[in-house]
Amino acid sequence: MKIINAHIPRCLLEGKGATESGEDLVLCHVTTDGDRIASVREAAGDVPEGHDVDCEGGILVPAFIDMHTHLDSGHIWARTQNPDGTFPSALNAVLGDRDRNWTAQDVALRMRFSLQAAYAYGTAAIRTHINSRQPVADMVWPVFQALREEWRDKLTLQAAALLPIDEIADDDPAPVFDTYLNRGGMVGAFLYPTKDVPQKLASMMREAENRGVDLDFHVDETLDPSVRYLGDVAEQAKLVGFSGTITCGHCCSLMTMADDDSARILDAVAEAGIAIVSLPMCNLYLQDRDAGAKRTPRVRGGTLVHEMKARGIPVAIASDNTRDPFYAYGDLDMLEVWREATRVLHLDHPIDAWPRAFSATPAAIMGLADRDALAPGAPADLVVFKARRFDELFSRPQSDRTVIRNGAIIDAAPPDYRDLDAVAG
């Protein structure tokens, strides 16, 4: 396939190239050979003959990588809502729905719906966190494993066991690792105020280090500046000498800390080599709400992504929850995530390297090979937009995008919400 006149973000190219003023976009021609990119060269005013796609200056990016989702709870809003939009209410609502409604058929239908949407929007890989408290874990994990096999030619799927940190044994976390590694997953935990958190973290890290596997934590999903488990993760990683990849999601309490306090934590995070994933849409929805009050939020959800980037900390940005009590909206469209993150977190003026946070950086964190740049040998998984500049890209939904997978244009559309009527309640 020959693709011509495509504007590619400079940060996604191996060489910097010439750019349009203020846009960080390079006009290129791209050739694919089978399921791989064969060549990427800067356009020089020429129009190659025999091309398959003329982007006419439209933006081209690699397929999206969505590395923090919750597929098992997705799309339950129609039957179980959040009464006041707060985090505690969201947690109680999801746990209640889980106990009342989750069956293998229910979970499979909702997960498959999410995968159909993500694929149609141009996502190539997803990591989902799976509710792993018993007895639901023994039902949900086989559903995920079956869907991973069903979708293996379309999406790379990873899963992390989501457990409360107090369910991790200080003295012997091996059984937890045995269970979820045998299911082809990884181990993670939700950190919250409970006893012996540093000891539990150290125990998990030693076990993961011995097995040569990574970890993925939910950390500091609050605007309380006294909650600082991210610092504990960094400290224990250094003490253990952890050599794998630790990913910490959310990290919202940094937003309300004194600058000196957040700087100390971020310095430790950088030294420990921890990766961060920000979930701005869900955190905007949940954070700084006052239950029952019509009070405008003062502090917006997110984390200190610019301060992280300045320290060389890998930062990915992802979807998180979709249409459940934690976030009433969303459709696993990473362009929507990119657009909203740009507005909320000011990922612009200049755009600089932020396009990598939606593809190349999460791919590296997830250990996906050859997705660090649009270059020869990389997968021919691409998304082409008619928008020619970032102001055009972020001003409309881009529902007419072209998705290319394995070097061929796919014919896929997001599924109809009516497909979920059987589980809507």
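Analyst: Contact means heavy atoms within 4.5 Å. The model is predicted, so local features need pLDDT of at least 70 and side-chain atom pairs 80 or more, while totals for chains, interfaces and linings use all residues. Residues are numbered from 1 along each chain as its sequence is written, and side-chain values use heavy atoms, without hydrogens or water.

User: OK. Let's start with His70. Which residues does His70 touch?

Analyst: Leaving out residues up to four places away in sequence, His70 touches Thr128, His129, Leu162, His218, Asp320 and Asn321.

User: And where does His70 lie?

Analyst: His70 is in the loop between β6 (64–69) and α1. Helices (H or I, at least four residues) and strands (E, at least two) are DSSP runs, numbered from the N terminus.

User: Is His70 buried or exposed?

Analyst: His70 is buried, because its relative accessibility is 9%. Buried means under 20% relative accessible area, exposed over 50%, partly exposed in between (1.4 Å probe, protein chains only).

User: Now Arg396. Buried or exposed?

Analyst: Arg396 has a relative accessible area of 62%, so Arg396 is exposed. Arg396 sits in the loop between α12 (390–393) and β15 (402–405).

User: How far is the C-alpha atom of Arg396 from that of Glu336?

Analyst: Those C-alpha atoms are separated by 9.5 Å. Along the chain, Arg396 and Glu336 are 60 residues apart.

User: Switching to rings. How many aromatic pairs are there in the whole structure?

Analyst: A search of the whole structure gives 14 aromatic pairs. Rings of Phe, Tyr and Trp (its six-membered ring) pair if their centres lie within 6.5 Å; planes under 30 degrees apart are stacked, over 60 edge-to-face, the rest tilted. One of the pairs is Phe113 with Tyr417, which is stacked. Phe113 and Tyr417 are 5.7 Å apart centre to centre, with 25 degrees between the planes.

User: Where in the chain are Phe113 and Tyr417?

Analyst: In distant parts of the chain, 304 residues apart. Phe113 is in helix α2 (residues 104–121). Tyr417 is in the segment after β16 (408–409).

User: Why does Phe113 count as buried?

Analyst: Because Phe113 has 2% relative accessibility. Tyr417 is partly exposed, with a relative accessible area of 41%.

User: What about Trp338 and Phe390?

Analyst: Trp338 and Phe390 form an edge-to-face pair. Their centres are 6.2 Å apart, and the planes make 65 degrees. Trp338 lies in helix α10 (residues 334–345) and Phe390 in helix α12, so the pair ties together parts 52 residues apart in sequence. Trp338 counts as buried at 2% relative accessibility, and Phe390 is buried at 4%.

User: Which residues do ring pairs link into a cluster?

Analyst: Phe87, Phe190, Tyr192 and Phe326.

User: New topic, the backbone. Which peptide bond is cis at Pro135?

Analyst: The bond from Gln134 to Pro135, with omega near 5 degrees. Pro135 is in the loop between β7 and α3 (137–150). The peptide bond from His349 to Pro350 is cis too, with omega near 5 degrees. Pro350 is in the loop between α10 and α11 (360–365).

User: And what is phi of Asp220?

Analyst: Phi of Asp220 is near 50 degrees, a positive value in a residue other than glycine. Asp220 is in the loop between β10 (215–219) and α6 (229–240). With a relative accessible area of 3%, Asp220 is buried.

User: Then Asp288: where is Asp288 found?

Analyst: In the loop between α8 (280–286) and α9 (305–310). Asp288 is not a glycine, yet its phi is positive, about 60 degrees.
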